Amino acid sequence: MSENIIRISGINPRQCMKCGKCSATCPAFDEMDVHPHQFASMVVEGRVDELLASETLWKCLSCFACVERCPRSVEPAKLIEAVRDCVIRQKGGSYLSPDDIPEKLDSELPQQALMAAFRKYRK
Amino acid sequence: MQRIGVFVCWCGSNIAATVDVDAVVEAVKNEPGVCFAKNYQYMCSEAGQALIKDAIKEHNLTGIVVCSCSPRMHEATFRKTAEQAGLNPYMVEIANIREHCSWIHKDMKEATEKAVILARAAIAKVNLNAPLQAGESAVTKRALVIGGGIAGLQSAIDIADAGYPVDIVEKSPTIGGKMAQLDKTFPTLDCAACILTPKMVEAAQHPNITLYTYSEVEEVKGFVGNFNVKIKKKARFVDSTKCTGCAVCTAKCPSRKGGNEFNCNLDTRGAVYIPFAQAVPNVATIDTERCIHFKTGKCGICQKVCSAGAIDFEQKDEFIEEKYGAIVVATGFEILDVTKFDEFQYTKHPDVVTSLELERIMNAAGPTKGTLLRMSNKEHPHDIVFIQCVGSRGNTCRDKTYCSKICCMYTAKHAMLIREKYPDVNVHVFYIDVRTPGKNFDEFYRRAVEQYNVDYIKGMVGKVWEKENGRLAVQGVDLISNRRIMLETDMVVLAAAIQPSKGVRNIATMLTASIDTNDFLTEAHPKLRPVESPTAGVFLSGVCQGPKDIPETVSQAGAAAVKVVGLLAKDKLVTNPCTATPNELMCNGCSSCARVCPYGAIDYVEKEVNDHGKREVRRLATVNSALCQGCGACTVACPSGAMDLKGFSNRQIMAEVDAICR
Ligand SMILES: Cc1cc2nc3c(=O)[nH]c(=O)nc-3n(C[C@H](O)[C@H](O)[C@H](O)COP(=O)(O)OP(=O)(O)OC[C@H]3O[C@@H](n4cnc5c(N)ncnc54)[C@H](O)[C@@H]3O)c2cc1C
Ligand code: SF4
Ligand code: SF4
Ligand code: SF4
Ligand code: SF4
């Protein structure tokens, strides 16, 4: 399972030096049960089941602050995204179809949010 | 026809576990010229060498091939062995079947096959080898030290004490380097100036030391024992023989907007300046970029106030040419530019400073006269946050991959000094790891935690921003309690990574000394020859070789000095006989070879030649064999194939290639 996350994310979590810069930067830190810096070591330790059940998947804003700041190119948001992907694939399908997009478009809406909505939007 | 012996070494299991040494012996037995082949456990051992010597005598061998480790390890050993058995040492070839076979291959069949091929190539070469005679060259008994920081000063003093003249070339107006900017020094907390200035004075007064400050190395020619160096003494526009260092000019100079480098640009200086009170030499220098006279032709106030008549607007750069036997590089380091780390607000807020800036703020001769003050409003701070590893240990484009080594200790030093002098100030340190190997170093750090109540937080700072009240908000994380930390502070201090001085690439190119991917100078061997560059006659001292603190710098400086003294003590050096020789009949005098020769060994003469009965005067290349280092660049550059290298002739190399492709 860890291998799967590593493959999907394209990230080598062993590069993490446990500096905590990601968690120090993350705007959603307080709402998370598993903090960004823990993600890397938990993938290495094979604790993916805990990650699949973690609240963090749905609290991460995909703002990429951690990706920008991680000094070791571990980029936790990509690991989080990979785990989120696994959960969604298990459930089956995206919540949003590309055909629905045009009517929901809003000039204020960041593109990242739109991409995330494919996975997270549940109405 | 040569009579060749082949000796295949097992290197214990280093080679024999991966290369079938019996098979190699069998395979080479029928190669042209081979009349003896044998394998043995350790060829470099006395028994192994005896085996070689006996075989040379018994079989009247005229050349040998040793299949063993890299020639860098034992070529010299086996050449001596051959010489003792009466063979010319240049009739020895090494086939490297360890580094090039057993250490890099796993499959025995493949490794053995390659070992046989390499042995064959070496045999093909020996078949064309000819005995060579090494020459001798004299040693100039004078050393050059580039860089006048603590590393360069210590090396120079040690060489000078051994009785040899030394010149120090320092690019800034004074010697002393970064250590002169420090306040107190770990682990003993003695004042940097108190221990450095005696060394500066000692160097300046030493009868064997000549200082060239405000000077740079322009050109280096020659080779070990015989370097020819051109030094540029930049014009100070102050006559150093007249200037008394009274500093009247520096006080009166009206152009004072520019930053004062010595105080990390936290205050300003005049266009005519003396970097600091104990500068050596204590002589003013005019910064022409800022001087009003140089810009508009007006002012000239310094000239009017100087009672010594030392100001000389007409002064010109001076060039000095000198010969040296050895060169020590001691060009030190600079602080990484932290402007890329915008999350810390370094460029936006004056209360965010680097550790070197803090050294100046804490120093009695600094911009605040040694009182710890916020640079924004000159008020006393109540909280200070230190952030370690800024730009160190990362692998992104902002970072250096290495640990800067000194920051953990100087941060603990800063924290303690502040708590000692201002017990009301709360000090927090964000760290990733605290790395304090070294005598009395961990005890030093523990003292900061246990006796001085410095708050060490395992974690990083994500961002810093200015609050409405003008103080700084710090958002970080404590990884041990797994919790977010929010602090309000008055100052943030960044332990910025260190990196080699900018000019080092230029110096390395002039010296043909190699540098690593981070621009640190490379050692000849990382463990066994740590103060020598791979370029003969060039030695390394201080941070230019890698991050280190003062105690380590001084030890290395002494070690480099011993190596220099060892070289200068020799009257003659044995020269490499593998030098280039042009074939007069083939040379067309095109100058291609002279253009590529890094040692300036090639010249041209007009000479009469007899080309198959036709007599004419031609322009021909000649090689000064004392200068030629046998690099072979010219042999490749020559379009007519006229240039050949003794011991590595074109024929020999082609024979090796043929043997490999057979
Ligand atoms: C903030 C801070 C605090 C520190 N505190 C301590 C401490 O408490 N204790 C401790 O042991 N160590 C401390 N250090 C480390 C210490 O500063 C270094 O170990 C020491 O200065 C290294 O000396 P160096 O001679 O190798 O380099 P430098 O001091 O950098 O000297 C190099 C010299 O070479 C000159 N130069 C550079 N390029 C050229 C060129 N091309 N031509 C001619 N000259 C050139 C430079 O102008 C300079 O004078 C600290 C470092 C920092 C940054
Ligand atoms: S991408 Fe997610 S984990 Fe990373 S900083 Fe943003 S919210 Fe936090
Ligand atoms: S910022 Fe990168 S290296 Fe640091 S803890 Fe997070 S993932 Fe690991
Ligand atoms: S140049 Fe003249 S005024 Fe300036 S420091 Fe030297 S002696 Fe004094
Ligand atoms: S081999 Fe040629 S290029 Fe190299 S040092 Fe000798 S003369 Fe110069």
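User: Is the crossing of α3(B) and α4(B) right-handed or left-handed?

Analyst: The crossing of α3(B) and α4(B) is right-handed, a crossing being left-handed if the near helix is turned anticlockwise from the far one by less than a right angle, and right-handed if clockwise. Please keep in mind that this is a predicted model, in which local features need pLDDT of at least 70 and side-chain atom pairs count only at pLDDT 80 or more, while totals for chains, interfaces and linings use all residues. Residues are numbered from 1 along each chain as its sequence is written, chains are lettered from A and ligands numbered from 1 in the order in which they are written, and side-chain values use heavy atoms, with hydrogens and water left out.

User: What makes α3(B) oblique to α4(B)?

Analyst: The axes of helix α3 (residues 46-58) of chain B and helix α4 (residues 71-84) of chain B cross at roughly 40° and come within 9 Å. Angles under 35 degrees count as roughly parallel, over 145 as roughly antiparallel, 65 to 115 as roughly perpendicular and the rest as oblique, and α3(B) is therefore oblique to α4(B). The axes are lines fitted to C-alpha atoms, for helices over the stretch in contact, with angles running from 0 to 180 degrees between N-to-C directions; helices are DSSP runs (H or I, at least four residues), as strands are (E, at least two), numbered from the N terminus.

User: Why are α7(B) and α8(B) called oblique to each other?

Analyst: Helix α7 (residues 150-161) of chain B and helix α8 (residues 192-205) of chain B have axes that cross at roughly 45° and come within 10 Å, and the two helices are therefore oblique to each other. Their crossing is left-handed.

User: Which residues of α7(B) and α8(B) meet, and how do they divide by class?

Analyst: With contact meaning heavy atoms within 4.5 Å, B:Ile150, B:Leu153, B:Gln154, B:Ile157 and B:Asp161 in α7(B) meet B:Leu196, B:Lys199, B:Met200, B:Glu202 and B:Ala203 in α8(B). The residues of this contact divide into six nonpolar, one polar and three charged, where Ala, Val, Leu, Ile, Met, Phe, Trp, Tyr, Cys and Pro count as nonpolar, Asp, Glu, Lys and Arg as charged, and the others, Gly among them, as polar.

User: What surrounds ligand 4, and what is the class make-up of its shell?

Analyst: A residue is near a molecule or strand if one of its heavy atoms lies within 4 Å of it, and the residues surrounding ligand 4 include B:Cys243, B:Cys246, B:Cys249 and B:Cys306. Its shell has eight nonpolar, two polar and no charged residues.

User: Which residues come nearest to ligand 5 and to ligand 3?

Analyst: Of the 14 residues around ligand 5, B:Cys597, B:Cys628, B:Cys631, B:Gly632 and B:Cys634 come nearest, and by class that shell has 11 nonpolar, three polar and no charged residues. Around ligand 3 there are 13 residues, the closest being A:Cys16, A:Cys19, A:Gly20, A:Cys22 and A:Cys70, and the shell of ligand 3 has eight nonpolar, two polar and three charged residues.

User: What makes the backbone at B:Pro187 and at A:Glu75 worth noting?

Analyst: Most residues other than glycine have a negative phi, and most peptide bonds are trans. A cis peptide bond, with omega about -10°, joins B:Phe186 and B:Pro187, and B:Pro187 lies in the loop between β8 (184-185) and β9 (190-191) of chain B. A:Glu75, although not a glycine, has a positive phi of about 55°.
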